[in-house]
Amino acid sequence: MRICDRLALLLLVLSTLAACSKSPETASVPQAATSVAPAAASTRPGAPSYAFQHLSDYAEVKLGADLSGLDADQKQMLVKLMGAGQVMDDIFWQQAYGDKQQLLSDIKDPATRTLVGYNYGPWDRLNDDHPFVAGIGKKPPGANFYPTDMSVDEFKKANLPDKDSLYTLLRRDPKGALITVPYHQAYQDQLAKASDLLNQASALSANPSFKKFLSLRAQSLLTDQYQQSDFAWLDVHDNPVDVIIGPIETYQDGLFGYKASYECFVLLKDQDWSVKLKRFAHFLPALQKDLPVPPKYKKETPGSDSDLGAYNAIYYAGDANAGAKTIADNLPNDEQVQLQKGTRRFQMENVIHAKFDKIMMPVAKELIAPDQVQHVTFDAFFQNTMFHEVAHGLGIKNTVKGKETVRKALKDYASSFEEGKADVLGLYLVEWLADKGELDKSKLMDNYVTFLAGIFRSVRFGASDAHGKANMVRFNFFSQMGAFSRDPATGKYRVDAGKMRAAVKALSAKLLTIQGDGDYAAAKKMTDAQGIIQPQLHVDLERLSNDDIPIDIVFDQGLATLGLTDSPPHAADAPSAATAGH
Ligand SMILES: [Zn+2]
């Protein structure tokens, strides 16, 4: 599942909508409309096309990487993985729209062709699926997973046991009756090709767990049985190369949320961050003891989140590459696998960096006091983000009174309080490590000001849901404690480091106490009282909409971008040749 965490949410400030759970947000965030040029503009003769006006919504980012640490086999493995990813991309086109070539053959306007490519179809994913090709109507909610003329009622009545499977398409037989077609049949030839490429990559891998995962995944593509390869993937820990591949997320199915879309991420692990995170994890038990609450709220032993990793992405394909770009992921989605073995969390460092540069910095320049903008740094941003993830392991999972979990006790406020806790305790963790000399204390101000810039993200969610309200609670709490203030003359915000520290402590105590008590009434009261967007802030955020800041990014990616070539002659058709010597 795409992680809808502070980082992803932050990007919402930057734009009218963004990153995390891509399709649901794209479809539901009402603010999306603020960036829309009048639809009529594209229909006036001689006026620039809708696509021409909207290409500037995207900043292009190169997915390059230093591959000097990889040997020849590993580089060839990347070529195979990206080849398999290209197949995922082709299948995703069919799932999201249908016949790509036919659609493109009818379009002459270069801008429109480009925008179709970004969106994997004729609907603008960054603008509530606005149709931008002449003659194209509204996007079917069921994309191409279901017949467009199928009603919800007809689906419900159909006596087809695997109709709600992640891995079947609904189609009509020659008589017009609904039938299911398993993915491995519907996309048979393409999946055979992708499977073959994964087997070739497996043969090139010298890492036993990665090798095993790739060969099991190659099988999964042919059978639609993914559990075994999911388990094997959780054993991959130390390989410099990683891949997420297959039909995974169901956001594209706007009708029922049943059907999984094919995608692929090819990733390089940031070993430095992995080592750092391991080191910091050792401090968690001591930090837990130092949390600013009475002992009964911190008697649990914190988890270390060892499967949290930083990665540099070199290739996005299919669902992953459509519309707003994913920056973090938590997989696999199979609950049985999660319960038995857990998940792996990914932060896409270079993609986050790109969004920071292209989108976040312009926002900070608009809203942060000029003498403090220098404290908004990528390092602090990434640090805050990673420590947010680590901080999920701190605090309390079961209430102090009984055996009930906090999650159960706080019901619909549970996830927003957990995210709020991780946000503020992440910063508490940074302060604590700086006090111990583990982090550079002189850089604390960077963490604070960058955190403030991060808080603005919440505002886009406003009062729209419990999560957005909880974010506003944090904003208003910090504001009331004087952790930051607004200069009425300039409309810009500045941090007071001393008061910030006090506010971090006070809010940590408050959230941990409500969680530990499992106090639903207090959670609701706090949210109702503080979860409001103040008019002044609303006005300030309007300034962002008026600036010409890109909404999201697109990638310049592929073999040429990385300086890789598919090595002839055996690579394409003789996997056994590549296995020689392994
Ligand atoms: Zn989180």
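Below is a chat about how some labels on this predicted model follow from their cut-offs.

User: Before the labels, what are the ground rules for numbering and confidence?

Analyst: Residues are numbered from 1 along each chain as its sequence is written. The model is predicted, so local features need pLDDT of at least 70 and side-chain atom pairs count only at pLDDT 80 or more, while totals for chains, interfaces and linings use all residues.

User: Why is Y120 called buried?

Analyst: Buried means 20 or more other C-beta atoms within 10 Å of the residue's own, exposed means 12 or fewer, and partly exposed is in between, with C-beta atoms placed from the backbone. Y120 has 24 C-beta neighbours inside 10 Å, so it counts as buried. Y120 is in the loop between α6 and β2 (123–124).

User: And D129, buried or exposed?

Analyst: Buried, because D129 has 21 other C-beta atoms within 10 Å. D129 lies in the loop between β2 and β3 (130–131). Across the chain, buried residues make up 48% of the 582 residues.

User: What makes D106 and N159 exposed?

Analyst: D106 has 11 other C-beta atoms within 10 Å, so it is exposed. N159 has 6, so it is exposed too. D106 is in the loop between α5 (100–105) and α6 (110–119), and N159 is in the loop between α7 (152–157) and β4 (168–172).

User: What counts as the largest nonpolar core, and which residues have the most contacts inside it?

Analyst: A nonpolar core is a set of buried Ala, Val, Leu, Ile, Met, Phe, Trp, Tyr and Cys residues joined through C-beta atoms within 7 Å. The largest one has 146 residues, and M88, C264, V266 and A313 have the most contacts inside it. Helix α4 (residues 72–96) gives the largest share, twelve residues.

User: Which residues does M88 touch?

Analyst: Contact means C-beta atoms, placed from the backbone, within 7 Å. Leaving out residues up to four places away in sequence, M88 touches A194, I245, Y262, E263, C264, A317 and G318.

User: How do you know that α15 is mostly covered?

Analyst: Twelve of its 14 residues are buried. Among them are F381, F382, M386 and F387. As for length, α15 reaches 20 Å from its first C-alpha to its last, close to the 20 Å expected at 1.5 Å a residue; that expected span is 1.5 Å times one less than the number of residues.

User: Why is α15 called roughly perpendicular to α17?

Analyst: Axes are lines fitted to C-alpha atoms, for helices over the stretch in contact, and angles run from 0 to 180 degrees between N-to-C directions. Under 35 degrees counts as roughly parallel, over 145 as roughly antiparallel, 65 to 115 as roughly perpendicular, and the rest as oblique. The axes of α15 (residues 378–391) and α17 (residues 414–435) come within 7 Å and cross at roughly 110 degrees. That makes α15 roughly perpendicular to α17. The contact includes F387 and H388 of α15 and L425 and L429 of α17.

User: What about α17 against α18?

Analyst: α17 and α18 (residues 444–455) pack at about 175 degrees, with axes 10 Å apart. Therefore α17 is roughly antiparallel to α18. L427, V430, E431 and A434 of α17 meet L444, N447 and F451 of α18.

User: And what makes the pair α15 and α18 perpendicular?

Analyst: Their angle is about 75 degrees, with axes 9 Å apart, and they are therefore roughly perpendicular to each other. Here A380, F381, Q383 and N384 in α15 meet D446, N447, T450, F451 and G454 in α18.

Technical notes:
Helices (H or I, at least four residues) and strands (E, at least two) are DSSP runs, numbered from the N terminus. Two residues are in contact if their C-beta atoms, placed from the backbone, lie within 7 Å.
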